[in-house]
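The following briefing is intended for reading beside the sequence and the model.

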Amino acid sequence: MTTATTGRATATGAVGTAHTRVEGRDKVTGAARYAGEIPFAGLAHGWLVLSGVARGRILSVETAPLLDMPGVLTVLHHGNAPRLHTDYIGSMGVPPDPTCAVFQNDRVPHAGWPVALVVAETPEQAREAAEALVVTYEREPHDIELAADRPDAYPVDGHMPGVTQKGDLEAELAASAHVVDVEYTTPEEHHAMMEPHAATARWDGGRLEVVDSNQGTTWVADELARMFSLDASAVRVRSEHVGGGFGSKGIRAHQVSAVMAATVLRRPVRVVLTRRQMFSLTGYRSPTTQRVRLGAGPDGRLRALDHRSLSRTSTVWEFVEPSAGVARVMYDADAHRTANEVVRLDVPSPTWMRGPGEAPGSFALEAALDELAERCGLDPIELRLRNEPEVGPVSGLPFAGRNLAACFREGARRFGWADRDPRPGVRREGRWLLGTGTAAASFPAGALPSTAAVTAEADGTFTVRIAAADIGTGARTALTLVAADALGVAPGRVRVRIGDSDFGPAGIAGGSMGTRSWSWAVTAAAEELRDRLVPSGTVPPEGITVRSDTTAAIGALAQKERHSYGAQFAEVAVDVTTGEVRVRRMLGIFAAGRIVNPLTARGQLTGGMVWGISMALHEEAVRDRASGGLYGPDLAGYHVATHADVPLVEADWVDDPDPDDPVGIKGIGEVGIVGAAAAVANAVWHATGVRHRHLPIRPDRVLEAGGPGV
């Protein structure tokens, strides 16, 4: 494995070498404190009360009995809560989700809607009172059903156009030698990160301070300032350690309600969500129904590609899971159409979740490609290589590197793909049928404008300050290595401080843009500081600080298709008597830019692949039609892959630096999950001869579908 020289950083420097996490000791010894653990004098505790009806309005909130209970300080609800300003476009380019703008009216748009906050001296007192609160509702009929034939479905642009099309689709399908026309579905899925959402709000000298668990302090501070009509300088958000985010830790009901209570009581208030509350309040991945139509000539080259994805959104918030977007990057055809559509239903608002769009979209598209390969009599890898596009299939833009073919070739070599018997249902080991499958992966490589400050200290060390967020990805360590190389010093002389909105605007930890965005800003500041230090050679007691802003540099980037890519391989065993599916091994080979820290990078990629196993075989949130709520909204009822489910999982990469990035970074946070579920599903077909187009591939579905010996 090699790492190319890019810019001033060299292959013999810190970047590209394995480093344990700089905060690792603090985390394993308990010195690292998370948002729900930091003590405050006079701290009060809030407990949210959620609606038990799926649609209607609140008739009464009986607060009087609660105010007589021990320790109860106040009960906030739509009748007495501070008014919020919600008519704005936030820092993420969208208006705020009304779910976080709590207690503003008497409407209940879905089960689990926040209807009150009980604040008490202790968490136990707050919980007891919250469970005793009586809320009376006027119930209304609700609708939670997502179906492919919904007449009220409509396209939504989201962060990409809702619909793209070129060519005569029906004509090309009719002229194709081989056609695949199939429907795939994925269920509702939840983030379920280890650290629950938590926030403490307090007023200090006329300034609002929030200690939170989030994916971007700048993001949350900006939203709170707008909602509470405050000057941006009057809000500070800190988030030093975060135990997972995956897209859900933005602005939510717990931060807003904590600020409300702190404003009313004029003392610090903490709100921590329970695991069950997270299933209602922190977003999730919408279920999808996807129709994929592929038409190919005798040689397997695509003539027609049609990918329509339908997801659901809430009645208060328009969010689309853009699953058809992956087809706009991966494969071209003379006739090409993609559509991302939604239906408004009486359910909580979906949100970003690891690999948003790409994870469910790649399952459908890559499974359909596998079906087409079978129809064409081609090896699945060969079919994909024959359909490698020269430019962006929809955009027409050049690729800023597209090493997908290298990923497939290296992965095939290491996985032993050449020895694969292409016939399904022929490999057997006792009661197990064995099969192998593959799929492609991609995810955009973006960058957000960020600022950073680097200080040369009088003692010879350097301090980096940037409002980055380490949500478990190893960002602190990566930034330490990047800064060390840019400064030309050993990593031990660099101290990185993150997670504070007072450090200035910076991009979020999301969309695989975090390390790329922050490293750009840190590199710019560090290199200027190094140049400035050369003439003097001495540092005054107060230090020398250089600040950077990458807004102009990122805005000047040439328009290109920028993506990380990967090839996923899986081997499965299917029990012919019970329908159980076991993944025996997985291999992912990725082209994801320059790898800053191989140790944590490999963990990110394998973590995504494990999540793909979970997506393929386990994860499924089911809603009760009568109540509109979830069955088993906890980690007992919502099944995820555990250690017993995870086999040998290997991830590696090919050389793939981005020449337009100062460090060569693209992004690795999302691409590991993309294509993983499809590889498992394709392997199940190879084992059994039966296609599974609906996730998860549960034992009952395997038995119902049948197959050789099943």
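Strand β2 (residues 56–62) and strand β6 run antiparallel and are joined by six bridges; strands pair when DSSP finds at least two bridges between them. The model is predicted: local features require pLDDT of at least 70 and side-chain atom pairs pLDDT 80 or more, while totals for chains, interfaces and linings use all residues. Residues are numbered from 1 along each chain as its sequence is written, and side-chain values use heavy atoms, with hydrogens and water left out. Helices (H or I, at least four residues) and strands (E, at least two) are DSSP runs numbered from the N terminus. Buried denotes under 20% relative accessible area, exposed over 50%, and partly exposed the range in between (1.4 Å probe, protein chains only).

**The sheet containing β2**

- The open sheet has three strands in the order β4-β2-β6, with antiparallel pairing.
- Strands β4 (107–108) and β6 (134–139) stand at the edges with a single partner strand each, so one side of each has no neighbour in the sheet.

- Strand β19 (residues 451–456) is largely enclosed by the rest of the structure, because six of its six residues are buried.
- In a regular strand the side chains alternate between the two faces of the sheet.
- Both faces of β19 are covered, with Thr451, Ala453 and Thr455 buried on one side and Ala452, Val454 and Ala456 buried on the other.
- Six bridges connect β19 with strand β22 (residues 544–549) in an antiparallel arrangement, and Thr455 has Thr545 as its bridge partner in β22.
- Strand β20 (residues 462–465) also runs antiparallel to β19, through four bridges; here Thr455 stands opposite Thr463.
- β19 and β20 form a hairpin with five residues between them, and Gly460 in the turn has a positive phi of about 95 degrees.

- The expected span of a helix is 1.5 Å times one less than its number of residues.
- Helix α12 (residues 475–487) has 13 residues and should span 18 Å, which agrees with the 18 Å between its end C-alpha atoms.
- All of α12 is covered in this sense: 13 of its 13 residues are buried, so the helix is largely enclosed by the rest of the structure.
- Helix α16 (residues 676–688), with 13 residues, reaches 19 Å from its first C-alpha to its last, close to the expected 18 Å.
- In α16, 13 of the 13 residues are buried, and Gly689 just after the helix has a positive phi of about 80 degrees.

**Aromatic pairs**

- Rings of Phe, Tyr and Trp (its six-membered ring) pair if their centres lie within 6.5 Å; planes under 30 degrees apart are stacked, over 60 edge-to-face, and the rest tilted.
- The structure holds eight aromatic pairs.
- One of them is the edge-to-face pair of Trp219 and Trp352, at 6.4 Å centre to centre and 75 degrees between the planes.
- Because Trp219 lies in helix α5 (residues 217–227) and Trp352 in the loop between β16 and α9, this pair ties together parts 133 residues apart in sequence.
- Trp219 is buried at 8% relative accessibility, whereas Trp352 is partly exposed at 26%.
- The rings of Phe408 and Phe569 are also edge-to-face, because their centres are 6.3 Å apart and their planes stand at 75 degrees.
- Phe408 belongs to helix α11 (residues 404–415) and Phe569 to strand β23 (residues 563–575), so the pair ties together parts 161 residues apart in sequence.
- Phe408 is buried at 1% relative accessible area, and Phe569 is buried at 0%.
- Phe408, Phe415, Trp417 and Phe569 form one aromatic cluster.

**Asp346**

- Asp346 is found in the loop between β16 (335–345) and α9 (358–376) and is buried, with a relative accessible area of 7%.
- A polar atom of the Asp346 side chain lies 2.7 Å from the backbone nitrogen of Asp143.
- Beyond its neighbours within four places in sequence, Asp346 is in contact (heavy atoms within 4.5 Å) with residues including Arg55, His110, His142, Asp143 and Thr315.

**Cysteines**

- Under the criterion of two cysteine sulfur atoms within 2.5 Å, the disulfide count is zero.
- Cys100 is buried at 1% relative accessible area, and Cys376 is buried at 13%.

Methods: Polar contact = N/O pair within 3.5 Å; in protein donor to acceptor, adjacent residues only side chain to side chain.
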